[in-house]
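Let's take a short walk around this protein chain. Have the sequence and the 3D view open as you read.

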Amino acid sequence: MYLLVVMFIFHGNTMEQIKALVNGNHNCVVLGGPGTGKTANLLKLYNVLINVHGGVHRVQCLAPTGLASLNLPDGKTIDHFFGFFDGRFTVEEVKDRMTTSKKQEISEIKVFIIDEISMLSAKKLDQVGELCIQNNTCH
């Protein structure tokens, strides 16, 4: 698994360059201002990734807020997807509360696309990484 953090930098980077980075199992951060085509390119990249990794169950789009998740294909909030709820649970408590099917779902994902990452706390990003490792998603 690798984590694709989407914030978009299009300062001369083409979609082909971004695809090459992603297909090389690199974590990517992409930045750009309003109107630079972030969402349009994210959707193109998502379609490439589901073809590369064997289906939509291998690529998950996440966002820190419900509003941000509305622009993503099958977008979910990070809290909802991982079961953090309101943040009161530790990673161990979240893992203990997870169903077997949720653990299986996480273990099958090869790419997480996180949009609006600047709205995510460092603590929450660490928790996401820890849950991925514990569910054998990260290698």
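The largest share of the negative patch, 3 residues, comes from α5. The patch is formed by Glu92, Glu93, Asp96, Asp126 and Glu130. Two elements, α5 (91–97) and α7 (122–134), each give it two or more residues. Patch members have over 30% relative accessible area and no salt bridge, and like charges are joined within 9 Å. A salt bridge here is a side-chain nitrogen of Lys or Arg within 4 Å of a carboxyl oxygen of Asp or Glu.

Glutamate 130 sits in helix α7. With a relative accessible area of 36%, Glu130 is partly exposed (buried is under 20%, exposed over 50%, partly exposed in between, using a 1.4 Å probe and protein chains only).

## About the model

This is a predicted model: local features need pLDDT of at least 70, side-chain atom pairs need 80 or more, and totals for chains, interfaces and linings use all residues. Residues are numbered from 1 along each chain as its sequence is written, and side-chain values use heavy atoms, leaving out hydrogens and water.

## The whole chain

The chain has 7 helices and 5 strands (DSSP runs of H or I with at least four residues, and of E with at least two, numbered from the N terminus). Of its 139 residues, 41% are buried.

## Threonine 77

Is threonine 77 buried or exposed? Thr77 is buried, at 18% relative accessible area. Its place is in strand β4 (residues 76–77). Leaving out residues up to four places away in sequence, Thr77 touches Leu62, Ala63, Pro64, Thr65, Gly66 and Ser69 (contact means heavy atoms within 4.5 Å).

Terms used. Patches are made of residues with over 30% relative accessible area and no salt bridge: like charges are joined within 9 Å, nonpolar side chains (Val, Leu, Ile, Met, Phe, Trp, Tyr) within 5 Å. Accessible areas come from the Shrake-Rupley method with a 1.4 Å probe; for residues, only the protein chains shown count as cover. Lys and Arg count as positive and Asp and Glu as negative; His and the chain ends are not counted. The place of a charge is taken as NZ of Lys, CZ of Arg, CG of Asp or CD of Glu.
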